[in-house]
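Morning, everyone. I have one structure to show today, and I will keep it brisk. Here it is on the screen.

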Amino acid sequence: MICTGIGAAMSLSMQLVPNPGDGIVQALAERFNKSVGLTKNLFDCFNLCITLCISIFIAHQIVGVGIGTVIAVLGVGRVIALCHHIFESKIEELICE
């Protein structure tokens, strides 16, 4: 989870081509003028809620969601936010050079 968050933060900060999940989060964050970490948390929570609703509606039980999923939903966005908070000024210096 930590490595995923750090990798996502680095690729998003360097304006590299992100994977689709990170790309939509970055686009939403820019559109609504919010931080990428917060937007990632909100987007992942939204997707988790959709998954829970569909699994309860179709299977009448929670399917495909465990404690690891919940921890990842909450953790990856926080790691991205932490990386941006710590390294944002240094990354901007490197980009401008």
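I will start with the whole chain and then walk through a few places in it.

First, a caution. This is a predicted model. Keep that in mind as we go.

So, the overall picture. The secondary structure comes to four helices and zero strands. Read from the N terminus, the elements run α-α-α-α. Now the dimensions. The C-alpha atoms fill a box of roughly 55 × 25 × 20 Å, taken along the principal axes. The chain has 97 residues, and 29% of them count as buried. One more figure for the chain. Take the contacts between residues at least 6 apart in sequence. Of those, 57% join residues at least 24 apart.

Next, a pair of helices. At what angle do helix α2 and helix α3 pack? The angle is about 120°, and the axes are 9 Å apart. To find them on the screen, look at residues 20-32 for α2 and residues 36-59 for α3. The crossing of α2 past α3 is right-handed. Which residues make the contact? On the α2 side they are Asp22, Ile24, Val25, Leu28 and Ala29. On the α3 side they are Val36, Thr39, Lys40 and Phe43. Sort the residues of this contact by type, and you get six nonpolar, one polar and two charged.

Let us stay with threonine 39. Its place is in helix α3. Is threonine 39 buried or exposed? Its relative accessible area is 10%, and buried means under 20%, so threonine 39 is buried. What does threonine 39 touch, not counting residues up to four places away in sequence? The answer is Val25, Leu28, Ala29 and Lys34. Here is a distance to go with that. Threonine 39 and alanine 27 are 12 residues apart in sequence. In space, they are 9.6 Å apart, C-alpha to C-alpha.

Now asparagine 41. It is also found in helix α3. Asparagine 41 has a relative accessible area of 9%, so by that 20% cut-off it is buried. Set aside its neighbours within four places in sequence. Then asparagine 41 is in contact with Val73, Leu74, Gly77 and Arg78. Where do those residues sit? The stretch 67-96 is α4. Please trace that on the screen.

On to the loops. Asparagine 33 is in the loop between α2 and α3. Its phi is positive, about 55°, although asparagine 33 is not a glycine. Exposed means over 50%, and asparagine 33 has 69% relative accessibility, so it counts as exposed.

At 67% relative accessibility, histidine 60 counts as exposed.

Last, the rings. How many aromatic pairs are there? The count comes to zero. There is a charge over a ring, though. The charged end of arginine 31 sits over the ring of phenylalanine 32. The distance to the ring centre is 5.2 Å.

To recap: four helices, zero strands. Helices α2 and α3 pack at about 120°. Threonine 39 is buried, and so is asparagine 41. Asparagine 33 is exposed, as is histidine 60. Thank you.

Terms used. Residues numbered from 1 in each chain as written. Predicted model: local features only at pLDDT ≥ 70, side-chain atom pairs only at ≥ 80, totals over all residues. Heavy atoms only, no water. Phe/Tyr/Trp six-rings, centres within 6.5 Å; stacked < 30°, edge-to-face > 60°. Lys NZ or Arg CZ within 6 Å of the ring centre and 35° of its normal. Axes fitted to C-alpha atoms, helices over the stretch in contact; angles between N-to-C directions. Helix = DSSP H or I, 4+ residues; strand = E, 2+ residues; numbered from the N terminus. Left-handed = near helix turned anticlockwise from the far one by under 90°. Contact = heavy atoms within 4.5 Å. Nonpolar A, V, L, I, M, F, W, Y, C, P; charged D, E, K, R; others polar. Buried < 20%, exposed > 50% of the residue type's maximum accessible area, 1.4 Å probe, protein only.
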